[in-house]
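Here are some notes to read alongside the structure. Have it open and follow along point by point.

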Amino acid sequence: MNLQLEVQRVVEDDGIPGAMQFQSWAEAALNGRLDQAELVVRIVDREESRQLNREYRGKDKPTNVLSFPFEAPAVVESDLLGDLVICAPVVTEEALAQDKLPQAHWAHLLVHGVLHLLGFDHINEQEAEVMEGLEVEILESLGFPDPYQSEREL
């Protein structure tokens, strides 16, 4: 896998993973699915997340991760997969509220976002099962626990 990754940090927080971690997590998500890709990961604050979520999804609140797939015109060759926008404060709060290790939650959201860029979704139950199964498989290959385990135990 040949991945060119650009990490844009608009917000500073000691808990934000480094570029090498994002790189390895994205490569794991892309492994066997693409030979090469370009990806931008933008780490933002609540306000930017809220603005983008409102503009593109009609939801006036910050969210953990937004994915923006790149669709090149047919006459343009590009390896650009798209952009992921991750809201650092939301990730931190969710990890705490869900009693998850912050690094595990960051990895999950990065993998989740990459799978969205690859065309996976969770709109209906069948799609969700496929996508969540892939997420669990990828995260376990990285040494992280099943992020859905507590939800499944209910």
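1. Is Ala128 buried or exposed? Ala128 is buried, at a relative accessible area of 13%; here buried means under 20%, exposed over 50%, and partly exposed in between (1.4 Å probe, protein chains only). You'll find Ala128 in helix H5, residues 125–141. Helices (H or I, at least four residues) and strands (E, at least two) are DSSP runs, numbered from the N terminus.

2. A word on what you're looking at. This is a predicted model, in which local features need pLDDT of at least 70 and side-chain atom pairs count only at pLDDT 80 or more, while totals for chains, interfaces and linings use all residues. Residues are numbered from 1 along each chain as its sequence is written, and side-chain values use heavy atoms, with hydrogens and water left out.

3. Back to Ala128. Leaving aside residues up to four places away in sequence, Ala128 touches Asp121 and His122, where contact means heavy atoms within 4.5 Å. Leu5 sits 123 residues from Ala128 along the chain, and their C-alpha atoms are separated by 27 Å.

4. Now have a look at H2. This helix has 12 residues and spans 15 Å from its first C-alpha to its last, close to the 16 Å expected at 1.5 Å a residue; the expected span is 1.5 Å times one less than the number of residues. At the start of H2, a side-chain oxygen of Asp45 comes to within 3.3 Å of the backbone nitrogen of Glu47. After H2 comes Gly58, which has a positive phi near 70°.

5. Which residues of H2 are buried? They are Glu48, Ser49, Leu52 and Asn53. They cover an arc of only 130° around the axis, so they are on the same side of H2; the arc is that of the directions from the helix axis to the C-beta atoms.

6. How many salt bridges does the structure hold? There are 6, each a side-chain nitrogen of Lys or Arg within 4 Å of a carboxyl oxygen of Asp or Glu. One of them joins Arg46 and Glu93, with the closest N and O atoms 1.9 Å apart. Arg46 belongs to helix H2 and Glu93 to helix H3 (residues 88–97), so this pair ties together parts 47 residues apart in sequence. Arg46 is partly exposed at 33%, and Glu93 is partly exposed at 43%.

7. Asp60 and Arg54 also form a salt bridge, at 3.1 Å between the closest N and O atoms. Asp60 is exposed at 51%, whereas Arg54 is partly exposed at 36%. A network of salt bridges links Glu47, Arg50, Arg54 and Asp60.

8. Last, the aromatics. The whole structure has 4 aromatic pairs: rings of Phe, Tyr and Trp (its six-membered ring) pair if their centres lie within 6.5 Å, with planes under 30 degrees apart counted as stacked, over 60 as edge-to-face and the rest as tilted. Trp25 and Phe144 make an edge-to-face pair, 6.0 Å centre to centre with 75° between the planes. Trp25 is in helix H1 (residues 19–30) and Phe144 in the loop between H5 and helix H6 (149–153), 119 residues apart. Trp25 is buried at 4%, and Phe144 is buried at 16%. Phe22, Trp25, Trp106 and Phe144 form one aromatic cluster.

Methods: Polar contact = N/O pair within 3.5 Å; in protein donor to acceptor, adjacent residues only side chain to side chain.
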